[in-house]
Amino acid sequence: MVGYDAKADVRSNSKLEVAVAGSVSGFVTRALISPLDVIKIRFQLQIERLCPSDPNAKYHGIFQAAKQILQEEGPRAFWKGHVPAQILSIGYGAVQFLAFEELTELLYQANLYQTHQFSAHFVCGGLSAGTATLTVHPVDVLRTRLAAQGEPKIYNNLREAIRTMYKTEGPFVFYKALTPTVIAIFPYAGLQFSCYRSLKRAYDWLIPPDGKQTGNLKNLLCGCGSGVISKTFTYPLDLIKKRLQVGGFEHARSAFGQVRSYRGLLDLTQQVLQEEGTRGFFKGLSPSLMKAALSTGFMFFWYELFCNLFHCIRREDR
């Protein structure tokens, strides 16, 4: 069970167990979906249309992009920025799930509204993700920079990236695009948690439990569904965030096609509308939906699996 449930007759995991389960969930999920994340970021940063008819477009499809990245940069390119991405996932997962469990319990004890309701999970999911974002945002910026660069590399490793970015752009570079990130993550995570709970209820209604151990499959499928729903509704904000995060990094992107400089959120929105149209805000949606389905499905799957595992271990020790 994700979130506090006073009616549950099973486990109540400790804060440490929740944090560890969240961290492991983030770690495993990140390792599995990294190639899709790299392709998604490349699509989001491309100014040209994602279309084979555009001769200036470097990428125009998932399989074409994967093949070209493999030919030009090798298989390791699909895990560019993987070290900061793993630091991001481990820290983010621990903070997000721990905050969510605490917030849902707090709301229940305060009798504000029942924690099983859609709105409660939406608010708590958004707040917990906002807390996690503030904690690990500098690592997200580093991950985006490392995944976005081509060959030859501007940053050869994480330490060099930190040193160069701090020296050339100052300490605030690590909080680039924080505002659109927080704006985007609240509804995205809110929909993740609330839709996950609702889809699990719908699953039980459509396929009533018959005593068989199908909980893991249910968690995976409902997590995938919640990921697709939440990403579809909030995708333009994710694209805006990624483009702002690589601001000042244009020289490393010249090999990928046109580059743009943006003065802020409003300027970026205006330029995208003028040059790329409304469809420009949905560049990279296909790999992003694939990534969202897998990452959210795995996130909830592994989290619930490890929480149940900790509960079983504790019960055997009694």
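This is a predicted model: local features need pLDDT of at least 70, side-chain atom pairs count only at pLDDT 80 or more; totals for chains, interfaces and linings use all residues.
Helix 9 contributes the largest share of the lining of the second largest pocket, namely 3 residues. When the lining of the second largest pocket is divided by class, 8 residues are nonpolar, 6 are polar and 7 are charged.

The protein as a whole contains 9 helices and 0 strands, and the order of its elements from the N terminus is accordingly α-α-α-α-α-α-α-α-α. Of its 318 residues, 51% count as buried. Helix 9 covers residues 285-317, and for residues 292-313 an unreviewed UniProt entry lists a "transmembrane region". In the model, the chain over residues 292-313 is 100% helix and 0% strand, with the C-alpha atoms at the two ends lying 31 Å apart.

The lining of the largest cavity comprises 33 residues, with Arg30, Tyr92, Ile185, Tyr188 and Lys291 lying nearest its centre. At least two lining residues of the largest cavity are supplied by each of helix 1 (15-45), helix 3, helix 4 (118-148), helix 6, helix 7 (215-245) and helix 9. By class, the lining of the largest cavity holds 11 nonpolar, 13 polar and 9 charged residues. Tyr188, one of the residues nearest the centre of the largest cavity, also takes part in a contact with a charged side chain, in that the charged end of Lys231 sits over the ring of Tyr188 at 4.5 Å from the ring centre.

Contacts between aromatic rings form a further set of features, and the count of aromatic pairs comes to 11. One of these pairs is formed by Phe100 and Phe193, whose rings are stacked, with 4.1 Å from centre to centre and 25° between the planes. Because Phe100 lies in helix 3 (residues 82-109) and Phe193 in helix 6 (residues 178-206), the pair ties together parts of the chain that are 93 residues apart in sequence. Phe100 and Phe193 are both buried. Phe193 also pairs with Phe300, and since the centres of these two rings are 5.4 Å apart and their planes stand at 90°, this pair is edge-to-face. Phe300 is buried, as is Phe193. Ring pairs join Phe97, Phe100, Phe193, Tyr196, Phe300 and Tyr303 into a cluster.

The C-alpha atom of Val182 is separated by 9.6 Å from that of Leu237, a residue 55 positions away along the chain. Pro138 is placed in helix 4, and, with a relative accessible area of 17%, Pro138 is buried. Between the C-alpha atoms of Pro138 and Pro84, which are 54 residues apart along the chain, the separation is 9.4 Å. Asn13 lies in the segment before helix 1, where its relative accessible area of 17% falls under the 20% limit for burial, and Asn13 is therefore buried. Although Asn13 and Asn308 are 295 residues apart in sequence, their C-alpha atoms are 8.7 Å apart in space.

Conventions
Residues are numbered from 1 along each chain as its sequence is written. Side-chain values use heavy atoms; hydrogens and water are left out. UniProt positions are given in the numbering used here, feature names are shortened, and annotations may be inferred rather than shown by experiment. Helices (H or I, at least four residues) and strands (E, at least two) are DSSP runs, numbered from the N terminus. Rings of Phe, Tyr and Trp (its six-membered ring) pair if their centres lie within 6.5 Å; planes under 30 degrees apart count as stacked, over 60 as edge-to-face and the rest as tilted. Buried means under 20% relative accessible area, exposed over 50%, partly exposed in between (1.4 Å probe, protein chains only). A charge sits over a ring if NZ of Lys or CZ of Arg is within 6 Å of the ring centre and within 35 degrees of the ring normal. Ala, Val, Leu, Ile, Met, Phe, Trp, Tyr, Cys and Pro count as nonpolar, Asp, Glu, Lys and Arg as charged, and the others, Gly among them, as polar. On a 1 Å grid over the protein atoms alone, a cavity is a set of points where a 1.4 Å probe fits but cannot get out, and a pocket is an open set with protein on both sides within 12 Å along at least five of seven lines; lining residues have an atom within 4 Å of a point.
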